[in-house]
Amino acid sequence: MALRPMTMIEALNNALALELERDERVVLLGQDIGLNGGVFRVTDQLQRRFGERRVFDTPLAESAIIGTSVGMAVYGLRPIAEIQFAGFLFLGMSQLVTQAARMRFRSGGAFSCPLVVRSPYGGGVRTPELHSDSLEGVFLQTPGLKVVIPSNPYDAKGLLAAAVADPDPVLFLENIKLYRSFRQETPEEYYTVPLGKAKTVQAGDDVSVFAYGAMVPVALEAARQAQQELGISVEVIDLRTVWPLDEEAIVSSVEKTGRAVVVHEAPRAGGIGAEVTALINERCLYSLLKPVARVTGYDTPYPVPGVEDYYLPTPAKVLAALRQVMEP
Amino acid sequence: METRQQRKAAAQGAGPGDPRSPASLLEGTDRETLLNYYYQMVLIRYFEEKAGEMYTRARIGGYCHLNLGEEATVVGFCAGLEADDYVYTNYREHGYAICRGISPAVVMAELFGKKTGCSRGRGGSMHLFDLKRRFMGGYGIVGGQLPLAVGAAFALAYRGAREIVACQMGDGTTNGGPFHESLNLAKLYRLPVVFLIVNNQYGMGTRVDQGSAVPDLYRKACAYDMRSERVDGTDLLAVLEAVRTAARIAREEREPSLIEAVSYRFRGHSVVDPDRYRPEDEVRRWRERDPILLYATRLKEAGLMDEATRQELETRAQQEVEEAVRFAEESEFPSVEELYDFVYAGEGGR
Ligand SMILES: Cc1ncc(C[n+]2csc(CCOP(=O)(O)OP(=O)(O)O)c2C)c(N)n1
Ligand SMILES: [Mg+2]
């Protein structure tokens, strides 16, 4: 395969171009995604290459964007809708939750809804609430919907391809801070990274750290410091698909290490961390040597720029949690 | 069916070159008030230019949307209301906040995210609030303010109050569900509300006719049998007259109205927008139709403002903006300890 260093933006753009080439049923829609290439330029040049029939602008109407995408998907197209910021998903939430996610279930399997909704999320770039929110936890209680969050360009491309190929609706959340933060050697050709599978980014024996999105590099840095300062071997697992969770990956890691830390920037209560912790309690309680620790955002709306560095998990906070779970 | 071209032409119907509002509008108002409108327009101009500069110097974070080019609409709209009426706007609201009487210093401090800002540094550029001045908020969610404004109008009607609600929005906003749901309710319940569409001809990169099947936005009120009109948004007196009339009808007859004011934003959607989607000659043409120059010329022609007065007003506005920046610079940021404040009522917000 021909490799090229790509940012996450470039990898996603490349993935979308391949989808448009491969499959006539694929259409891209969203606000200003054509000429302007979207707020973050993820769809840059795609309208020029593939035409207005395949890549088109919509009015400012999230509910209609997602709702009509549901109709398109049920009818046989493969729509990939862009919502400008995850905070605006709320306006299309009704369509996503009450229609897209339940289409298969309530039609007794007769209808399916192979739809992808892409949206940037996450903080750390000095944007205000609604433009920095992490909403994955909100969609945990939406059976029928998959929620995918890549942490690097390679996975972003492969997971997006898998999301488009998936027969069910997928909410694909792209971390804004990771968009351009680094390049990674990424194949030019088509490939997929399977949905529902976590990835062990770094194997270790003493403690498991579960993270996703922009928290994966944070967890890795904390693991490095823990190795140096505490002499412990940390296993870092990138969840990649945050719902449904890769239960086996979580359980087998904790059965090995006996200790766990979950890291996410979304608020603490009722989030992915809570769900992973509950799963560990249900399935690995007797392997656990210490209570599971969570390093998360706070249970407040996303704060103002002056406070956000404090709000977000950092390697230092993860290291403190590692210290805590490593206490004898 | 109309073609795209026809629709585009219709969308720009009130474009450069339209006749001015009647001279009689000048006559009914005293000179001091007319000069004060001028002052407010230049104050907004300087304030917004300074806000853009402070953004690029990283004093202001987040997103920052300016009223440049819309000064006549902003001032005319606010002047058509009474001091105790309630105002709702979108996130492009610095000028409205200032016209409603929030001091530029306190608005600037809010943009800087400082504790002395009108939302205590919690709202930022898009979320200015001042209950005392009945400035009910800028709202970052497009269309978010509309149902709220309708609800406020309901509450006023319920209490038999005399005040009305005025609700500003952008052209792109009229393509979303909240617009239609809100207009329907306002008419159905006969609520005292004035809706104002600031048609600056683009919603981000989307031109009006690319986003709306009906580019004559004021006509959307027909669907709800609501009175509506289109005015030249670069003509302060025309906007003022339309708002004043709609406000009177809302107050006295409990009838909602929709006003479409056509203007143009002089810069990109927000300070960071490279503005690649608008043809250069279109931008130039509209910049020539500067609402401040138009109004200045009118005042001069009517013998109401000489050059010395104009300069004096502009210098005063500039000083007020400099003072606002100084105040914002010197104010404190909210502290980390206050993170949980105001999430809920009560001590510490928990
Ligand atoms: C629900 C929602 N969708 C999208 C956005 C992103 N957005 C912010 S402003 C804007 C354009 C709005 O255009 P218009 O109503 O014409 O107002 P203008 O900015 O021109 O004043 C968009 C798409 C948003 N803030 N909220
Ligand atoms: Mg607009």
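Trainee: How many bridges join strand S6 of chain A to S12(A), and which way do the two run?
Mentor: There are 2 bridges between S6(A), residues 146-148, and S12(A), and the two strands run antiparallel. Keep in mind that this is a predicted model.

Trainee: Which residue is the bridge partner of A:Val147 in S12(A)?
Mentor: A:Val147 has A:Trp243 as its bridge partner there.

Trainee: What sheet do these strands belong to, and in what order do its strands come?
Mentor: They are part of an open sheet of 7 strands in chain A, with the order S3-S2-S4-S5-S7-S6-S12. The pairing in this sheet is mixed. Strand S3 (55-57) and strand S12 (241-243) of chain A are the edge strands, each pairing on one side only. On average, neighbouring strands are turned by 25 degrees against each other, with direction ignored.

Trainee: Which strands does helix H3 of chain A lie across?
Mentor: H3(A), residues 62-75, lies across strands S2 (26-30), S4 (78-82) and S5 (116-121) of chain A. The helix runs at about 170 degrees to S4(A).

Trainee: Different topic. Strand S13 of chain A: which of its residues are on one side and which on the other?
Mentor: S13(A) covers residues 260-263. A:Ala260 and A:Val262 are on one side, A:Val261 and A:Val263 on the other, and all of these are buried, with both faces of the strand covered.

Trainee: What does S13(A) pair with?
Mentor: Strand S10 of chain A, residues 207-211, pairs with S13(A) in the parallel sense over 3 bridges. In that pairing, A:Phe210 has A:Val262 as its bridge partner. S13(A) is also joined by 3 bridges to strand S14 of chain A, residues 293-295, and these two run parallel. There, A:Val261 is partnered with A:Ala293.

Trainee: And through which helix does the chain cross from S13(A) to S14(A)?
Mentor: Through helix H9 of chain A, residues 272-284. This β-α-β crossover is right-handed.

Trainee: On to chain B. In what order do the strands of its open sheet come?
Mentor: The order is S1-S2-S3-S7-S6, 5 strands in an open sheet with parallel pairing. Its edge strands are S1 (86-88) and S6 (227-232) of chain B. Neighbouring strands here are turned by 20 degrees against each other on average, direction ignored.

Trainee: How many bridges are there between S2 and S3 of chain B?
Mentor: Strand S2 (165-170) and strand S3 (193-199) of chain B pair over 6 bridges in the parallel sense. B:Ala166 stands opposite B:Val194 in S3(B). Helix H10 of chain B, residues 236-253, packs on this sheet and touches S3, S6 and S7 (257-262) of chain B. The direction of H10(B) makes about 170 degrees with that of S7(B).

Trainee: What about the ligand? Why is the site around ligand 1 called shared?
Mentor: Residues from chains A and B surround ligand 1, so the site is shared between chains. The number of surrounding residues is 21, and the closest are B:Val142, B:Gly170, B:Gly172, B:Thr173 and B:Gly203. By class, the shell has 8 nonpolar, 10 polar and 3 charged residues.

Trainee: Last one. How many residues does each chain give to the contact?
Mentor: Chain A gives 22 residues and chain B gives 30 residues. Helix H10 of chain A, residues 305-311, supplies the largest share of chain A's side, 4 residues. That side has 12 nonpolar, 7 polar and 3 charged residues.

Conventions:
Residues are numbered from 1 along each chain as its sequence is written. Chains are lettered from A and ligands numbered from 1 in the order in which they are written. This is a predicted model: local features need pLDDT of at least 70, side-chain atom pairs count only at pLDDT 80 or more; totals for chains, interfaces and linings use all residues. Two strands pair if DSSP finds at least two bridges between them. Axes are lines fitted to C-alpha atoms, for helices over the stretch in contact, and angles run from 0 to 180 degrees between N-to-C directions. Two residues are in contact if their C-beta atoms, placed from the backbone, lie within 7 Å. A residue is near a molecule or strand if its C-beta atom, placed from the backbone, lies within 6 Å of it. Ala, Val, Leu, Ile, Met, Phe, Trp, Tyr, Cys and Pro count as nonpolar, Asp, Glu, Lys and Arg as charged, and the others, Gly among them, as polar. A residue is buried if 20 or more other C-beta atoms lie within 10 Å of its own, exposed if 12 or fewer, and partly exposed in between; C-beta atoms are placed from the backbone. A crossover is right-handed if, with the strands pointing away from the viewer, the path from the first strand over the helix to the second runs clockwise.
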